[in-house]
Amino acid sequence: MEVTTLSYENLHNHGELFANMFRARHRAFIQQNKWDLPQANGMEFDQYDTPASRWLAVHDNGEVLAGIRLTPTTHRCGIYSYMIRDAQLGLLESIPSNLLDMPAPVAPHIWESSRVFVSESVPASLRLRVQLQLRQEMVAAARDLGASMVLGLIPEASRRIGRRVGLECEPAGPILNFDGLDCVCVTISMAAKLH
């Protein structure tokens, strides 16, 4: 099992991995969750998949087992910036605008984490290992990008997983229900934990 941080600058070094990430997202979000999202050629994508973003993939022999997208909160593309801020500004119909208890931050040291998934094909015996690798790569990649904080909209139950891997996911908004799943915006410090 490997973990790779992809960008538009390095995707040519990783063969089909970039496309496989979008195929895995299609399976997770469109086929499994039944979300109505943009798609083409069996791949899911949206307006935040730009050269400013990074994609983290846990993969094994070309199969993407889990992934995360990181987007700088300072990025703009047309009317869009990043998902949480755009939802707060009322630009996204599917996400309520009251998801944060504060104005959505715009700062070079804060990045957004989105499109987090673990494939249904990952057996229960490997899920924690895959989640650990994904979270560790997120921290390493975010720190490399100069982030001291990550902002994300996650299933409320995922906060426990964060604690298991040393991440404190502090609520930054109300618990909202999306298709029967309780979700919450969180801030995650990228500071090293002292033990």
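Partly exposed, for a residue, means a relative accessible area between the 20% under which it is buried and the 50% over which it is exposed. Everything in these close-ups comes from a predicted model.

**View A. Proline 155, a partly exposed residue in a strand.** Here we're looking at strand β7, where proline 155 sits. With a relative accessibility of 29%, proline 155 lands in the partly exposed class. Leaving aside residues up to four places away in sequence, its contacts are Leu181, Asp182 and Cys183. Leucine 176 is 21 residues from proline 155 along the chain, and their C-alpha atoms are 9.3 Å apart.

**View B. The largest pocket and what lines it.** This pocket holds about 1,400 Å³ of space. Its lining runs to 45 residues, and Phe29, Asn33, Trp35, Val116 and Leu181 are the ones closest to the centre. Helices α1 (17-32), α3 (124-144) and α4 (158-164) each put at least two residues into the lining, and so do strands β6 (110-118), β7 (149-155) and β10 (181-189). The top contributor is β6, with six residues. By type, the lining splits into 26 nonpolar, 10 charged and nine polar residues.

**View C. A stacked ring pair, Phe29 with Trp35.** Zoom in on phenylalanine 29 and tryptophan 35: their ring centres are 5.1 Å apart and the planes meet at 15°, so this pair counts as stacked.

**View D. An edge-to-face pair, Phe18 with Trp55.** The structure has eight aromatic pairs. In this one, the ring centres of phenylalanine 18 and tryptophan 55 lie 5.0 Å apart with planes at 85°, so the geometry is edge-to-face. Phenylalanine 18 belongs to helix α1 and tryptophan 55 to strand β4, so the pair ties together parts 37 residues apart in sequence. Both phenylalanine 18 and tryptophan 55 are buried. Ring pairs also bring Tyr8 and Phe22 into a cluster with Phe18 and Trp55.

**View E. The nonpolar cores.** The largest core counts 24 residues, and Leu56, Leu70, Val130, Met138, Ile188 and Met190 have the most contacts inside it. A separate core of 19 residues includes Leu99, Leu151, Ala172 and Cys183. Back at valine 130, the contacts beyond four places in sequence are Met1, Val58, Leu65, Ala66, Val118 and Val122.

Terms used. Residues are numbered from 1 along each chain as its sequence is written. This is a predicted model: local features need pLDDT of at least 70, side-chain atom pairs count only at pLDDT 80 or more; totals for chains, interfaces and linings use all residues. Side-chain values use heavy atoms; hydrogens and water are left out. On a 1 Å grid over the protein atoms alone, a cavity is a set of points where a 1.4 Å probe fits but cannot get out, and a pocket is an open set with protein on both sides within 12 Å along at least five of seven lines; lining residues have an atom within 4 Å of a point. Grid points are joined across faces, edges and corners, and a volume is the space filled by probe spheres set on the points. Helices (H or I, at least four residues) and strands (E, at least two) are DSSP runs, numbered from the N terminus. Ala, Val, Leu, Ile, Met, Phe, Trp, Tyr, Cys and Pro count as nonpolar, Asp, Glu, Lys and Arg as charged, and the others, Gly among them, as polar. A nonpolar core is a set of buried Ala, Val, Leu, Ile, Met, Phe, Trp, Tyr and Cys residues joined through side-chain atoms within 4.5 Å. Buried means under 20% relative accessible area, exposed over 50%, partly exposed in between (1.4 Å probe, protein chains only). Contact means heavy atoms within 4.5 Å. Rings of Phe, Tyr and Trp (its six-membered ring) pair if their centres lie within 6.5 Å; planes under 30 degrees apart count as stacked, over 60 as edge-to-face and the rest as tilted.
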